[in-house]
Amino acid sequence: SAGSIVTYSLLRWSLFIKMNVFSVDQDILDFWAPWVFPWIPILIWLRPRIKLLNLKNKKGKGDPLFGYMMLASFTIAVPIMVSQAYLETATGKLTQLQRISQIDSLPQTKFYTVNAFYADKQLARVKPVFKISGKYNSDFDMYIYVAVPVYDSNHVIQIDSGGITAKARLASRSDAIIVLNGLIISKKAFSRLNPHMITDIKVLKGAAATSIYGDQARNGAILIGTGDGGGYGTSQLLNEGNANYSPSAWLAIKYEKTISNHLSNDEKEQKYKEFAKTSEEDFKSKSLEQFQYLDRVPYGSDLKGYQAAMNSGKYPVISNNIFLLVNESFDARNGSALPWIFGAMGIGSAIFLITLLFKPLRTNAESIDIEGEAKDDQKTFFVWTKALIIPQKRLMVTQILIQINLLTFILMVCYGLGFMSFNAADLLRLGANYRPAIDKGEYWRLVTNIFLHGGLMHVLMNMYGLFFVGLFLEPVMGRGKYLLTYLVTGIAASIASMWWHPATVSVGASGAIFGLFGAFFALITVNMFPSKSKKSFLASTSIFIGYNLLFGLTGGIDNAAHIGGLISGLLLGYAFYPWLKKKRRMNPQLRIPQT
């Protein structure tokens, strides 16, 4: 445990904190990688020592070796996760700023204190994000990401708003130009404006006015917003149309709520409206000026959400200066993480050691060659690793397809798009199936979406299905026809999905996999497989197809793609049968999988 904690923390600190070699999603580094990392020392070093125990139960059945290894992984992984929380806060430097505009002129750090600070809530940008999660896609997660621009001070002067008083005051300022919702208008046009429509009035003077509106604004500019958010549009134009008034940083605020995914679309919409109203009320009452220090938002899905909010306005913004407000003392940032590292390691180790008391040593324990068994285990580990990495001749296409899908998923994770699930906007940008985009001529999406997946469980389940069908089908069809079936049925599934769904983002290899199962089913019915295996193959294939189609009725699953792939696979299977039969007749020694 101690060795794993130190090794992982050093790697994390050197690669991702000190040198910042490349960006990886924070959830991967803090949670998922600590679960995987302990299995390296467990498989190589600890497993042969656990095998010294007599793990058979009284009836002589069962071997809880894996259970002991799982317990060991908990013992190591939990303190690693706790240590990462401490590592992030303990190594983060605190930079003191007089003004927030100094932030880009100094080396980047994680924490900041600042004196001159103004968060303009009127210019806040908002981005709602929706995700499906939970077992069987049972949860519908709603997020509202809010990004608030930060300046040194309030750079525009709020003088009044609403009513006849405001109109009379403006009329007396005949030397300034009038800008209504971002457009310069005449005094005569302004005189016809209903004063009760005015929702926002601001004044810009001197160089700030002329830099945006030219010499005509040398005497100032009066900015007026009306009705349905005109004030927001005017202020937005003012601040983003001039680099001198672009924000130095952004504040990050997130609201989230989970509801049932089994609700109707109308019920979901109503729940979201209630959630949005509550969030808006909280935001309006929230004070953004009282804080102890700023904490930089780490690379991950939340950062992507805040950046999407920043880019939701008329003028896109590129900035990594996105911060959370922290109201506690900087000295208290580590909390109790450090003692809990030792506490978690001690508790886990104690539980693991206590469980050893309930299993005696094997009777021949003294004669067991631990180092020899360790070498055998290591050899087996590397043999399996090599078999997974280097495609085998019999299943070459299946393994390559699995590797392409998994590599695509890993790259998306490392890019910070998510892990358990990805949002539709990112999938669409990377090549998801989407009818409006294909109607514009982006036909390549019919292929690229086959290699994209919506999250971890999506890609794992699909790759399991691909491996299962490929194990029996590829040796019979041959590499060329097998690959052609995968691609053609995948495209057919994409076309079916596009035809059925007018505006739905769809991804996944399941349509192509259903196509392979369709071809498999067709070849079973024409006796391409041994008769003694026919019934079991038909039963397992029918169960797989039937279960997945019925499960697709629960929502969140593209059954149109499944059906399109299945039908096209059946047709291709029957079409290829004469060639496959001839090949089998010419080569009677051809090995046909039986189990």
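Trainee: Which residue of strand 10 is the bridge partner of Ile201?
Mentor: The partner of Ile201 is Ile224 in strand 10. The model is a predicted one.

Trainee: What makes strand 9 and strand 10 a pair?
Mentor: Pairing requires at least two bridges between the strands.

Trainee: How do you know that the buried residues of helix 7 line one face of the helix?
Mentor: The buried residues of helix 7 (residues 206-213) are Ala208, Ala209 and Tyr213. Viewed down the helix axis, they fall within an arc of 100°, so they line one face. Gly214, with a positive phi near 80°, follows helix 7.

Trainee: Why is Gln26 called buried?
Mentor: The relative accessible area of Gln26 is 15%, and buried means under 20%; Gln26 is therefore buried. Gln26 is found in helix 2 (residues 26-36).

Trainee: Which residues is Gln26 in contact with, leaving aside its neighbours within four places in sequence?
Mentor: With those neighbours left aside, Gln26 is in contact with Arg12, Glu88, Pro298, Tyr299 and Gly300. The criterion for contact is heavy atoms within 4.5 Å.

Trainee: What makes a set of residues a nonpolar core, and which members of the largest one touch the most other members?
Mentor: The members must be buried residues of the nonpolar kinds, joined through side-chain atoms within 4.5 Å. Of the 67 residues in the largest nonpolar core, Leu466, Leu473, Tyr486, Phe520, Leu523 and Phe529 touch the most other members. Apart from this core lies another, of 25 residues, including Tyr112, Val146, Phe283 and Phe291.

Trainee: What is Leu523 in contact with, leaving aside its neighbours within four places in sequence?
Mentor: On that basis, the contacts of Leu523 include Leu473, Phe529, Tyr577 and Leu580.

Trainee: How many helices and strands are in the chain, and what share of its residues is buried?
Mentor: The chain has 21 helices and 13 strands. Of its 595 residues, 44% are buried.

Methods. Residues are numbered from 1 along each chain as its sequence is written. This is a predicted model: local features need pLDDT of at least 70, side-chain atom pairs count only at pLDDT 80 or more; totals for chains, interfaces and linings use all residues. Side-chain values use heavy atoms; hydrogens and water are left out. Helices (H or I, at least four residues) and strands (E, at least two) are DSSP runs, numbered from the N terminus. Buried means under 20% relative accessible area, exposed over 50%, partly exposed in between (1.4 Å probe, protein chains only). The arc is that of the directions from the helix axis to the C-beta atoms.
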